[in-house]
Amino acid sequence: MTRKNQRTATLAVLPMYLFSLVFVAGPLVYMLVLSFMTRDGFGFTNAFTLENYRSIFNEVYFATFLESLKLAGISTAAVILFGYPFGLGAALLPDRYAHFFRTAQMIPYFVNSLLRLCGWIIIFRANGLLDKALMALGITEEPLKFLYTYPAVVVGMIYVLLPFMFLSVYQVAEKLDLTLVEAARDLGAGKIRAFLTVTLPLTLPGLKTGIILTFIPSMGLFFIASILGGNKVVLIGSLIEEQLMRAHNQPFAAALSVALMLLTGVVCGLLMKKKRGA
Amino acid sequence: MKKLALVLASLMLAGSLTACGGSGAGKNGTLNLFTWEGMFPEEVLAEFEETTGIDINYVNFDYDETMLMKLQAAEGGDYDLVIADDYIIETAIAEGLVQPLDKAKIPSIGNVNPLYQGQFYDPTDAYTVPYGAGVQTIVYNPANVDAEIKGYADLWDAGLADSVGIISNYRVIGGMALKVLGKSYNTTETADITAAGEKLNELAPNIRLIKDDYIQDDLISGEIDAAVMYTSQVTMAKMTDPSLEIVYPEEGIGFGIMAMFVPSKAPNADAAHKFIEFILDPERGAKCYEYLGYYCTATASEEYIAEEYRGFLTLPAELDREDMEMIQNITPEADDAHIAAWNAFKGLCE
């Protein structure tokens, strides 16, 4: 790269770099500092304390972390189960159909996800669409109480997160060289063996990107648990909101946020490391 | 997208038109009114602008805490009249952000219901005039509930398994358990709060949902059969389905007050006093309370409240008012005990 090009490149990235520094790194540092301060009435004082971090290990709050991890784990697993075959299958279809599926996955995203989740309420609520359909088919006799249950939350999570997995897998699978699979088959590998030794390893980067893109947001998507789960599944996100808006404990909210970031950071770090190793 | 932008633009235009209130308004200055959205019927605001020539600049906040932060930043300036919740007003007064009212400018102050005066946040009524009260009640659907509900303790009944809804406020719900145990809403004894938490845990199997917004819809649609909810929600539920029963819990009643105050450095304190006096007019006040959906805090307005609303916007005459208690600010330790109990309880709800 010539010096002139380098200068142009620097100028191009500088605004974004400064923006990130001020509006991303700045608040993060503020949050980190805040997490070591002492709560005082509605505000806080700058007396140093580790109490906020100690509180996280209180069994109630620690259980919230476990609950968040559990829901994120279940959601991510379900999204892999549905999203991977879907993305792979769609990419292997003739272009026309492949594009159709890709676009169809994205269209709902033109509408705010909060509004789309409210649509699920109409389906799940007592005597809603789901109940009417099941009763018409004679499968159930009374309205199910499906809204505000754990499975309803998981359905909501899958619904919101599926496209991230689909698109990640789709992108990689699209470039998959099918002659390699054919070669494996010609050399005597069965369908399953060919999948496990050729298709899966080649699409693994897409799968891993999909997992990261699914897992990180799923740790923070507490509004799904509150809309479809009736707030009964307490996630770390809702705990932070409550500490901030109702309990007026900003330092503890900051400590929880730092802990959440560390946790997601560690999980992603593990995935990335394996990715490089693969 | 274009259509949406057009709709937005026209809404904004409509908004700015009403804010101006027609020609001639504003010649006597501006009233900067700082409160939640939807606190007054449009016609009452327009009438004030017309009769006084004072322009109203209605500024919204979403949470009391946001209001306090903005008021702190403005050092008691910028706003002429604020309406907020009791507990935050206590803090605002303590921080010197509120000025004493000039009672000579509010001749109708006697219209206020004494029940809502002299409370913890302003014991001598020097700073505030109440505007609406929230009274904690239980609402249930008698068609789906076999037993009669008389108090909070009845919500623990096994017959209500998976069919109770509660608002997401740990002081209200934790306080409910405290009341069942015969304690005060405002106890600072952490042992009592922890005991109440344990009592609350036994309620978990009956809880179907915990939410603040639109909980009345779940009661109306039959998703839940009984609920503890905010007063404005009770009003909406009752307006939609008159067959619902409202219960004033026999253990005692908790309530909260919204009140008007003038910030210490209000640019136009005179206009603020004029507005308070304007709202205290009995007939006009009744119109406001009907619109607001909270309990009427002005005795003089009660008789003007339409029959259909009166039953749930005024307290029943036979109610034991000695048993009423406000939810106040408590020590951080007690507050922490409440939050820990609340989260443990939520963890048990499935």
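Predicted model: local features only at pLDDT ≥ 70, side-chain atom pairs only at ≥ 80, totals over all residues.
Q: How far apart are the axes of α6(B) and α13(B), and at what angle do they pack?
A: The axes are 9 Å apart, and the angle is about 15°. As for handedness, α6(B) passes α13(B) in a right-handed crossing.

Q: Which residues in α6(B) and α13(B) meet?
A: On the α6(B) side, they include B:Ile193, B:Ala196 and B:Leu200. On the α13(B) side, B:Ala337, B:Ala341 and B:Phe345 are among them.

Q: What classes of residue make up the contact of α6(B) with α13(B)?
A: Nine are nonpolar, five are polar and one is charged. Ala counts as nonpolar, and α13(B) brings B:Ala334, B:Ala337, B:Ala341 and B:Ala344, among others, to this contact.

Q: What makes α7(A) roughly parallel or antiparallel to α9(A)?
A: Helix α7 (residues 150–174) of chain A and helix α9 (residues 191–220) of chain A cross at roughly 155°. Angles over 145 degrees count as roughly antiparallel. That makes α7(A) roughly antiparallel to α9(A). Their axes come within 8 Å, and α7(A) passes α9(A) in a right-handed crossing.

Q: Which residues meet where α7(A) packs on α9(A), and how do they divide by class?
A: From α7(A) come A:Leu161, A:Phe164 and A:Met165, among others. From α9(A) come residues including A:Gly206, A:Gly210 and A:Leu213. The contact divides into eleven nonpolar, eight polar and no charged residues.

Q: Why do β8 and β10 (245–247) of chain B stand at the edges?
A: The open sheet has five strands, in the order β8-β7-β9-β6-β10 (chain B), with mixed pairing. β8 and β10 of chain B each have a single partner strand, so one side of each is left without a neighbour in the sheet. On average, neighbouring strands of this sheet are turned by 20° against each other, direction ignored.

Q: How do you know that strand β6 (residues 137–140) of chain B pairs with β10(B)?
A: Pairing needs at least two bridges. Three bridges join β6(B) to β10(B), and these strands run antiparallel. Across from B:Val247 in β10(B) stands B:Ile138.

Q: What are the domains of chain B, and how far apart are their centres?
A: The assignment gives domain 1 as 2–131 + 259–313 and domain 2 as 135–255 + 323–348. Their centres, taken over C-alpha atoms, are 29 Å apart.

Q: What makes up the contact between the two domains of chain B?
A: Nine residues of domain 1 are in contact with eleven residues of domain 2. Helix α4 (residues 86–94) of chain B gives the largest share of the domain 1 side, three residues. That side divides into five nonpolar, two polar and two charged residues.

Q: How many residues of chain B are in contact with chain A, and which element gives the largest share?
A: 24 residues of chain B are in contact with 22 residues of chain A. On the chain B side, α3 (64–73), β8 (207–210) and α13 (332–348) each supply at least two residues. The largest share, eight residues, comes from α13(B). By class, the chain B side has ten nonpolar, six polar and eight charged residues.

Key:
Residues numbered from 1 in each chain as written. Chains lettered and ligands numbered in written order. Domains from an automatic or database assignment. Contact = placed C-beta atoms within 7 Å. Helix = DSSP H or I, 4+ residues; strand = E, 2+ residues; numbered from the N terminus. Axes fitted to C-alpha atoms, helices over the stretch in contact; angles between N-to-C directions. Left-handed = near helix turned anticlockwise from the far one by under 90°. Parallel < 35°, antiparallel > 145°, perpendicular 65-115°, else oblique.
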